[in-house]
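I set out to record how one chain is built and how its parts meet. The entries follow in the order in which I looked things up.

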Amino acid sequence: MTMLEVMEVSGMVTFQDSGRYGFASYGVPTSGPMDWFAQRAANQLTGNPSDAAVIEIGLGEAVFRAKRNCVLAVSGAGYEVQNYIWIFPLWTSFFVRAGWHVRLKKKSGGNWAYLAAAGGFEVEPVLNSSSTYLRGGLGDSIHAGDVLQCGKPSAELMKLAARNFPVEKYMPYSQSPVIEVIAGPQKDRFTDAGWQTFLNSEYTLSKAFDRMGYRLEGNPIAHRASADLTSEGMTMGSIQVPANGQPIVMMADAPTTGGYPKIANVVKTSLPLLAQCEAGVSKIRFQEITVEEAQKKYRDINAAAQVKAP
Amino acid sequence: MFKPLSDSALLVELGDKIDPAINQRVHALNALLQAKNIAGIIETVPAYCTLLIHYNPLILTFDQVTLWARDKLTQVDDSLNRKPRQLEVPTRYGGASGPDLETVAVSKGISAADVVRIHSEREYTVYMMGFTPGFPYLGTLDERLAMPRLETPRTLVKAGSVAIAGSQTGIYPLDSPGGWHLIGWTPLNLFDPHSASPFLFAPGDVVKFNPIEDDHA
């Protein structure tokens with residue numbers, strides 16, 4: 001059913017479900033949300049399956065007009081939800097009457113917001129996913145004038161509205177985060193001093209960041225020898241270090257393979273923290289944990305982090 | 001040989017260089033893993049000398065995936081005789097289709113016709129796919145055609161362009177930037193996301209270029 005009309009849009013505004021799987025061996029990036037925790041929470045708040053498509057808003061703003069009564073939720077960081085004179089808090093679901101305008105306004109403290117609608121946005125899947133991958137021509141970006149369709153909400157609207165998600169208990173968003181990593185498969189391609197530099201320095205995010213990768217700036221990490229690697233598969237969170245010693249973290253739209261040594265990989269539970277770091281502002285530090293610890297944390301957060309009914 | 005790459009992927013290293021025999025083992029292992037669907041295994045990415053296995057850490061642990069891959073690796077030698085798929089790629093060489101053909105010929109001290117002959121007489125394997133959806137990394141290119149990448153990559157390379165760099169040749173599936181030398185163009189569509197079979201090539205395929213005349217396509 002017709003749900004929202006897009007009134008204004010700027011920046012990088014796309015549909016994202018939980019990602020496009022099954023085509024990485026053909027060179028198709030996974031895509032999906034930059035901040036999986038926020039995407040999952042927005043869906044939970046509106047009573048949708050956790051892999052339903054949401055709207056990711058980054059590097060700009062968006063205004064929507066409700067075509068009918070609906071329940072929306074916005075999660076993420078660096079945004080404020082305005083409805084005329086009111087401001088809805090993030091990480092809550094709220095009732096919106098037909099005709100109301102809802103503005104996602106950029107402010108400091110993060111990069112990406114997720115808008116979910118009860119019933120989920122109906123987007124024609126391409127290669128089994130509703131995630132937009134603009135560079136590869138998969139899916140469309142969202143334009144002013146678009147009218148967005150949604151499925152049937154999973155419950156009465158009044159039961160889905162005014163719920164909140166206890167984000168601070170599970171995801172410590174911060175502008176000086178400690179990002180946990182697992183040592184990378186090419187850790188031995190770096191000098192011991194280089195590894196120590198990586199773990200003991202503060203990095204900032206370069207202004208030239210996008211859905212593909214986050215270039216970090218800070219003390220250069222020393223390689224033992226050449227920075228060329230025979231290309232191999234990589235994932236979101238892989239930290240490649242080219243010859244200049246400045247790390248690049250692969251993000252949602254990253255290529256499936258890469259040819260620089262990977263010093264480490266950001267663990268799933270830290271990816272949202274990194275995704276929401278502000279260019280030139282955030283002070284980023286890395287800390288090593290084991291793969292077993294990382295997997296336990298991910299399982300725990302998935303089991304525990306749940307929406308609270310009013 | 002079995003290394004964690006993040007908390008949701010296992011990297012299996014079968015070597016450390018571009019080598020047809022190593023790559024064949026990668027594709028053999030990949031075929032063995034594909035043959036059996038295990039809950040929690042999401043997908044695999046074969047590359048030159050490694051296989052990356054993406055899995056769901058809510059379902060499988062690193063140790064479980066490693067055990068499983070290790071067991072399959074013991075069966076690789078028996079499955080090396082699998083016959084790969086063969087594909088022919090009609091290619092218009094030179095002119096507007098291959099603007100770098102003359103440059104390659106001059107810098108290698110051979111004729112443009114020699115470049116075409118050397119490039120099209122050999123069979124190549126799709127060692128891996130990557131860069132953009134549907135891009136095949138083909139090898140191994142004859143040493144007589146080995147060229148470094150362009151110093152300044154082009155901002156736009158036309159879809160279908162046949163290109164060479166180092167010991168590799170490839171075909172651009174989409175209009176995209178590119179740093180390889182363009183020697184020809186094929187009318188084949190390498191990537192159509194709306195088709196039932198979206199990709200022309202798959203890793204492990206065997207490919208041969210077939211020169212066609214200007215007015216053919």
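I began with a term: two strands count as paired if DSSP finds at least two bridges between them. The model I consulted is a predicted one.

Entry on the sheet. I looked up the bridge partner of Pro46(B) and found Leu51(B), in strand 4 of chain B. Strand 3 and strand 4 of chain B pair in the antiparallel sense, over five bridges. I then noted that four strands of chain B form an open sheet in the order 1-2-4-3, with antiparallel pairing. Strand 1 and strand 3 of chain B are the edge strands, each pairing on one side only. On average, neighbouring strands of this sheet are turned by 20 degrees against each other, direction ignored. Helix 2 of chain B (residues 62-73) packs on the sheet and touches strand 1, strand 2 and strand 4 of chain B. The direction of helix 2 of chain B makes about 35 degrees with that of strand 2 of chain B.

Entry on the domains. I found chain B assigned to domain 1 (2-79) and domain 2 (86-211). Their C-alpha centres lie 28 Å apart. Seven residues from domain 1 of chain B and eight residues from domain 2 of chain B take part in the contact. On the domain 1 side, helix 1 of chain B (residues 20-35) gives the largest share, three residues. That side has five nonpolar, two polar and no charged residues.

Entry on the chains. I recorded 39 residues from chain B and 34 residues from chain A in the contact. Strand 3 of chain B gives the most to the chain B side, with five residues. By class, that side has 25 nonpolar, nine polar and five charged residues.

Notes:
Residues are numbered from 1 along each chain as its sequence is written. Chains are lettered from A and ligands numbered from 1 in the order in which they are written. This is a predicted model: local features need pLDDT of at least 70, side-chain atom pairs count only at pLDDT 80 or more; totals for chains, interfaces and linings use all residues. Domain bounds come from an automatic or database domain assignment. Two residues are in contact if their C-beta atoms, placed from the backbone, lie within 7 Å. Helices (H or I, at least four residues) and strands (E, at least two) are DSSP runs, numbered from the N terminus. Ala, Val, Leu, Ile, Met, Phe, Trp, Tyr, Cys and Pro count as nonpolar, Asp, Glu, Lys and Arg as charged, and the others, Gly among them, as polar. Axes are lines fitted to C-alpha atoms, for helices over the stretch in contact, and angles run from 0 to 180 degrees between N-to-C directions.
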